[in-house]
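This note is written for a colleague who is meeting the structure for the first time. Please read the points below with the sequence and the coordinates at hand.

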Amino acid sequence: MRKHSVKSAAIVVGVLLVAACSTNKTEGGSTAGGSCDTSKGTLTVGVIAPQSGGLSALGLGIKNSAQLAVDEANEKCTVKGYKLAVDTQDDEANPAKGAQAATKLASDTSVVGVIGTLNSSVAQTVQPILFEKKIVQVSPANTNPSLTRGENFATAPARAFANYFRVCTTDDLQGPFAADYLVNDAGKKKIAIITDGKTYGEGLATEFAARVKAKGGEIVAQEKVGEKDTDFAGVISTIKAANPEALYYGGEYPQGGPLSKQLKDAQLNIPLMGGDGIFDGKFIELGGKDGDLATSVGAPTESLPSAKTFVDAYSAKKYSDAYGAYGAFSYDAANAIIASLATTLGDGGEWSEDKRDALIEAVGKYSASGATGDVAFDEFGDSTNKVLTVYQVTAGAWKDAKTGEFAG
Amino acid sequence: MSILLQQLANGVVQGGLIALIALGYTMVYGIIQLINFAHGEIFMVGAYGSLATYTWLLPQGIKDSWVLSLPLMLLGGVVVAVVIALIMERFAYRPLRNAPRLAPLITALGISVALQEAVRTFYPDATSALRFPRVFAEGNLALGPISVPWSGVLIIVVSIVLSVLLQVYINRSRMGRAMRATAQDPDTAKLMGVNPDRVIVLTFVLGAALAGVAGLLYGSYITNVNIDMGFQTGIFAFTAAVLGGVGSIRGAVIGAFIIGLVKTIGGQYMPGGTQYDYVWIFVVLILVLVFRPQGLFGEPERVRA
Amino acid sequence: MNKVSNIVRPFARPLVLVGGVLLIVAALLPWATFVLNEGPYPDKATLQFFDAPFAVTGFRFHLLLLGLLVLIASFAPVPSRARVLRALGWGGLLVSVISGLFITIEGGGLGAITAADGATAFGALVGLVGGAAVILGAIALGVEPPAHWTLKLPTAAAYAVLVVVFVLVLLGVSLVLTAGGQGGAANPYAGPLFLAFLGFAAGAMAALSATGAIRFVSELSEKHRIFSVVVLLLCALLLPFTDAGSEYWMTVAANIGIYAATAIGLNIVVGLAGLLDLGYVAFMGIGALVAANFSGAAAAAFGVHLPFPVAAVIAAVVAGIFGAIVGSPTLRVRGDYLAIVTLAFGEIFTRSAQNNIGGLTNGANAIPGIPALSLFGADFNKSFTLGSIKLPAGVLYYVLIVLLVALVMTVFANLKFSRIGRAWIAIREDEDAARAMGIRTGQAKILAFLVGAMLAGLAGAVFAHKNGTVSYESFKFLESVTLLAAVILGGMGSIPGAVLGASLLFVLPEKLREFSEYRLLIFGLALVLIMRFRPQGLVPDRHRRAELADEDVGGAPVDEVHEVPGAVKEAKA
């Protein structure tokens, strides 16, 4: 016992000596905005996304990218007289917790806008709360069409919430675009579908399947895997019996990559296609094989200098987590809010809650070129960027195969 | 017909993996009547241990040859799994030996959550799935219409060999006898000179070692690992142990294969397809428990006067 | 420790006094040597030296208070003095450690709390030494068990005391909720400030408990139970009028209430009948889905919009039926086997809900747009004016849920002390003996599941309207674990325990959102620590308290009875 305490005391003293008198004090202290005038105080950009649990990889990417946009705005003095800050709230991918997070942000008068959410089901509880307080919400990742155009989005679209916008694409564009490519361009008529049963994958697969049938293709098998499944041998054997020519996967890369690998292991050599949820370098790392396809919004990144700028700036910041599937969207969403805020306030304007209506209007009119291409919103709050690109894994990397606009 | 055979083969591979984990559940339960919910997490930690060994400890020359890297990674995974299990036993379970029965169970749930989150927070890039090397022969074993990846074959072989060895060890060795004695009557065993602490530690070590082996086999078969893997597989393994009758080695292994088969066959032939596959597992479990509450191979509960 | 206290004993009193003075000095000293990058550490803790000794606020004020209390307690006649002093010392130590640690981390090294660039700030270290000195001195004085007051009060005086105490509790709750301020970009230190406040509150509470005051009040309220319950209910309804009456806290409090009601239901199954249920949140999900489908939402399966009370009753009944079905294997299955059956049921529920079983759950898209409740023309999600006072939105939900919790508590209390409640407890203690005594154990167990599920279903119906969306994602395994943890943390079988447990498990993550990345890690470790150091929970049930006390004498705990039959028989013989 005695020896023990002597030892631990020695360790403590050692650590103290090492750490003694060091600080990370930066000159200027509170005026971290550099040379900008921040005399009017701090305005907050809220972020609602999962920060813990299984989906945190995507949520942390969203948070960091928003932080990046805010940091850049602070450096450039985009909003005159104010310092901007990010306030991230964890929604745990749980609608009830998302509502709490939204209420918390909504009761903060310095919040100008909110970026989020990741999950469409969480957005459903967040929308009305922010709407009540007229806080603009820009989602980087919700793809469920009903969030903007109401429950009957296909037949009788009606704007659901005036404060809600999104920079990402919706299922009813991406799914059919993929179907067109697979049936027309790639000439695959017999297609199997696997989904992970979550909102994103299900929505995407439903729209995809409808379009395939309309184009004369055939859905030969439709299966669902569990959210946490990793051994797909069973489901692969099931679809193998139907002799599909291609597999459409509605879901995200953590399962999509291994699924592709196991397809190959099971000697079912067909391409796997998915949405922007699998369009990630990690997909290939986890087993995505040459020939696999993915759709993503906007033109290919190589043709967009702004995308490269974002990627470089993000890596320069050395965040501990990758920007992930939705980082670029989050960055664009944050910039849309910040730029609109700057227009709303103008030179020397004072922020108050009365300005929130004007800010929503300004975001509606916002138009710029961002990391994901052109960012602007239509009358429902959806992104007008209907340019989609099909990417194909070629020699171990994503390469664009076809860029176009989904015409309907 | 070929689909049925293929699905049977898939089921057996899954069953083999579940069996290795189920053995840990069943042994711990047999000795101290504790559902060690954290055991699935030991399996997960074992897989990350193997991966860490591969990523940071092995030089490129060894990485290139699976014959060399497999045993080293196995060692790394087993050591990590065993160390974590020992810490868990010593600091979380042992102080609760005489606490109300729910206390260690809640502790186990807590450890399970904490281990998952600890790996997620502290293992580099573990927020999403990580690639795991296939440290075994690529390609498939083809038997007529069936084809099974070699790494799957390895799972079946290893799980059967290890469970037979475990059975022999428990039946024949001195420590094995001590384990059985403690399981049957801890007080009498103590009087006979068995040190219960040693027996319990040994039980945890054996269970964790098997889980570590399972972690490596899983990684090599699926070729990626994620922090959720222990939870789901753990529940299946626990279900297998209950199905077979907790405390019974044979029962756990057979229960595991039943679960693997029910999952694949149910996903193939039952209404609803794969989306309901694991509903069938639980339906089978409930039916078995209702008609044979002690599980397939468990000893019936002694009814007291 | 003994050796140390022997050496210290002659100096015990001076040591305590010096410690107290040091705590006061620490409160007046600067704490951080420079303005941290996130902004100045609050409560004027940066570069202030005796600047405004009468304007010390926040954690420094708490420290000052603790120091003064130490001095008072060492001179005034206080029951169990050493124990009180020790508690106060711990409070000072915790406040100093938490604030100091955070400034060190945020400031990037020990320079932030010692000396850097010509500035000095020794507040944290002085506080640390002061707190440690008080603890050491108190231990050397000899810590005696907490005092027990034998004071008998006339009824009127007892009522007055209870009213005052409960009002203080109300203010205390409000203080805890608002401590540290609402976090956010404008207030980056809300988390550590709240933790420091908790340190202070823990010290103060422990000191109060050492004087015997808490035990006295709890015995008093036990004696005048009905009066206490009424006053407590009124106090709960008054919370919106305190500082904590913001829209945010009302929303959080309403959510807590929903989970507390569910936890009480679970307490019937686990705490009273001793049946472990690992899929309990599914019943809440069933209730929520039923209510959602009758709410007139666009995605609902039935196009009818039933009034809320009717929908809530249907939700409770449907959940109850499922409860009885899930409970039926208990006729044959026991103990841990039952745990896996209930876990299986929970998983089947989420899987089915995700797959839109029978078109009732809308699958992965969830059922959104459930209208907010409205009664007598007042919409529950809007702010509400009572006379001249404008109350924030969410207050009406809060009131509804307080009433719901009160109802559920009444049901629970009545059941617990009824014939069936005693039957449940008997089953928990020894099922075979209970059966031998003529209790129909099967019926009783299914009834436990049925009643518990009904309460959860009722809570679920409120949940559906309050959140506006019902998605399978809200009812996963981790939620069941959280509910179980709430029951265990509070104390199994104890009515206030479940409410307290649910409150802690929901308030703490809200207050500590800064640390949300580590939320689950802390949650897991906390479960382990609670089980290790206080397995009977924070507010143990009286019967259970007796059992746990017996354990040391009787050998094996009562709960283990049916597990190792042979061993226990011997131990009991």
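This is a predicted model: local features need pLDDT of at least 70, side-chain atom pairs count only at pLDDT 80 or more; totals for chains, interfaces and linings use all residues.

1. Domains of chain A. The domain assignment divides chain A into domain 1, made of 42–168 + 326–377, and domain 2, made of 172–300 + 389–405. Taken over C-alpha atoms, the centres of domain 1 of chain A and domain 2 of chain A are separated by 30 Å. Contact between them involves 10 residues of domain 1 of chain A and eight residues of domain 2 of chain A. On the side of domain 1 of chain A that touches domain 2 of chain A, seven residues are polar, three are nonpolar and no residue is charged.

2. The residue A:Asp292. In chain A, A:Asp292 lies in the loop between helix 10 (281–285) and strand 10 (293–297). Is A:Asp292 buried or exposed? A:Asp292 has 28 C-beta neighbours inside 10 Å and therefore counts as buried. Leaving aside residues up to four places away in sequence, A:Asp292 touches A:Ser260, A:Pro271, A:Leu272, A:Met273 and A:Val393. For A:Met273, the separation from A:Asp292 is 19 residues in sequence and 5.8 Å in space, C-alpha to C-alpha.

3. Two packed helices are described by the angle between their axes and the distance between the axes. Helix 8 (residues 233–240) of chain A and helix 11 (residues 249–269) of chain B have axes that come within 9 Å and cross at roughly 30 degrees. Helix 8 of chain A and helix 11 of chain B are therefore roughly parallel to each other. Their crossing is right-handed.

4. Residues of that helix pair. From helix 8 of chain A, A:Gly234, A:Val235 and A:Thr238 meet B:Lys263, B:Thr264, B:Gly267 and B:Gln268 of helix 11 of chain B. By class, this contact of helix 8 of chain A with helix 11 of chain B comprises five polar residues, one nonpolar and one charged.

5. The interface of chains B and C. How many residues of chain C are in contact with chain B? In chain C, 41 residues are in contact with 39 residues of chain B. Helix 13 (335–354), helix 18 (477–490), helix 20 (519–533) and helix 22 (565–572) of chain C each contribute at least two residues to the side of chain C that touches chain B. By class, that side of chain C has 25 nonpolar, 13 charged and three polar residues.

Conventions: Residues are numbered from 1 along each chain as its sequence is written. Chains are lettered from A and ligands numbered from 1 in the order in which they are written. Two residues are in contact if their C-beta atoms, placed from the backbone, lie within 7 Å. Helices (H or I, at least four residues) and strands (E, at least two) are DSSP runs, numbered from the N terminus. Ala, Val, Leu, Ile, Met, Phe, Trp, Tyr, Cys and Pro count as nonpolar, Asp, Glu, Lys and Arg as charged, and the others, Gly among them, as polar. Axes are lines fitted to C-alpha atoms, for helices over the stretch in contact, and angles run from 0 to 180 degrees between N-to-C directions. Angles under 35 degrees count as roughly parallel, over 145 as roughly antiparallel, 65 to 115 as roughly perpendicular and the rest as oblique. A crossing is left-handed if the near helix is turned anticlockwise from the far one by less than a right angle, and right-handed if clockwise. Domain bounds come from an automatic or database domain assignment. A residue is buried if 20 or more other C-beta atoms lie within 10 Å of its own, exposed if 12 or fewer, and partly exposed in between; C-beta atoms are placed from the backbone.
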